[in-house]
Amino acid sequence: MGTTGRRPGAYVCGIDAAMDVIGGKWKVLILWALNERPCRFGELRRELPGITEKVLASHLREMEADGLVHREAYDEVPPRVEYSLTPRGVSLNAALEPLGAWGRANVLGGSPAAGQMREDDDVPLVPGAA
């Protein structure tokens with residue numbers, strides 16, 4: 001949702017407001033990918049298997065409008081555009097770190113390398129389930 005779709009004054013709490021900014025499956029993953037380093041569009045697309053070009057472009061525009069992502073267009077041939085986090089995006093990533101820690105401990109099983117899961121790893125989403 002872009003800034004035009006926000007619900008000013010209608011938020012119940014700060015979490016409600018934050019979820020309006022990062023809602024959806026892909027925005028937090030885009031934040032995570034850009035936390036590593038600035039990326040070009042194609043690099044982001046490869047970092048996030050399953051995201052469509054349309055959704056990635058839309059989310060990047062929304063995140064830029066929300067002040068989370070900076071878009072740098074270089075005057076080169078061929079054209080080059082890089083996306084990076086703004087200080088506001090970096091602070092949001094810092095706020096999401098405890099949520100990631102909770103996911104590693106409670107969903108991924110708390111293994112030290114939980115963030116480095118392989119595609120063929122069998123990890124039950126519910127403790128005790130096979």
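A definition to start: two strands pair if DSSP finds at least two bridges between them. Helices (H or I, at least four residues) and strands (E, at least two) are DSSP runs, numbered from the N terminus. With that in hand, His-70 stands opposite Ser-84 in S3.

Now the ground rules. This is a predicted model: local features need pLDDT of at least 70, side-chain atom pairs count only at pLDDT 80 or more, and totals for chains, interfaces and linings use all residues. Residues are numbered from 1 along each chain as its sequence is written, and side-chain values use heavy atoms, with hydrogens and water left out.

The overall picture. The chain has five helices and three strands. Along the sequence, the pattern reads α-α-β-α-α-β-β-α. Buried residues make up 26% of the 130 residues. Buried here means under 20% relative accessible area, exposed means over 50%, and partly exposed is in between, with a 1.4 Å probe and protein chains only. Contact means heavy atoms within 4.5 Å. Take the contacts between residues at least 6 apart in sequence: 40% of them join residues at least 24 apart.

On to the sheet. In what order do the three strands lie? The order is S1-S3-S2, in an open sheet with antiparallel pairing. S1 and S2 stand at the edges with a single partner strand each, so one side of each has no neighbour in the sheet.

Take the S1 side. Strand S1 is residues 39–40, and it pairs with S3 over two bridges, antiparallel. Cys-39 stands opposite Tyr-83 in S3.

Now the S2 side. Six bridges join S2 to S3, again antiparallel. The two strands form a hairpin, with five residues between them. Look at the partners. Ala-73 has Val-81 as its bridge partner in S3. Glu-72 stands opposite Glu-82.

Back to Ser-84, which is found in strand S3. Is Ser-84 buried or exposed? At 18% relative accessibility, Ser-84 counts as buried. Leave out residues up to four places away in sequence, and Ser-84 touches Leu-34, Pro-38, Leu-68, Val-69 and His-70. So His-70, the residue opposite Ser-84 in S3, is also among its contacts, given that contact is heavy atoms within 4.5 Å.

Next, H2. Helix H2 lies across S1, S2 and S3, running at about 100° to S3. That angle is between N-to-C directions, on a scale from 0 to 180 degrees, with axes as lines fitted to C-alpha atoms, for helices over the stretch in contact. The buried residues of H2 are Lys-27, Ile-30, Leu-31, Ala-33 and Leu-34. Down the axis of H2, these buried residues fall within an arc of 165°, so they line one face of the helix. The arc is that of the directions from the helix axis to the C-beta atoms.

Stay with Leu-31. Setting aside neighbours within four places in sequence, Leu-31 is in contact with Ile-22, Met-63, Leu-85, Gly-89, Leu-92, Asn-93 and Leu-96.

That brings us to the core. A nonpolar core is a set of buried Ala, Val, Leu, Ile, Met, Phe, Trp, Tyr and Cys residues joined through side-chain atoms within 4.5 Å. The largest one has 20 residues, and those that touch the most other members are Ile-30, Leu-31, Leu-34, Leu-44, Leu-60 and Val-69. Two or more residues come from each of helix H1 (14–22), H2, H4, S3 and helix H5 (87–106). Which element gives the most? H2 does, with four residues.

Last, H4. Its buried residues are Leu-56, His-59, Leu-60, Glu-62 and Met-63. Seen down the axis of H4, they too fall within an arc of 165°, so they line one face. They pack against helix H2 (27–36), helix H3 (41–47), strand S2 (69–74) and strand S3 (80–85). On the other side of H4, Lys-54 and Arg-61 are exposed.

Asp-66 lies in the loop between H4 and S2. Asp-66 is buried, at 6% relative accessible area. Asp-66 and Arg-88 are 22 residues apart in sequence and 9.1 Å apart in space, C-alpha to C-alpha. Just after H4, Gly-67 takes a positive phi of about 80°.
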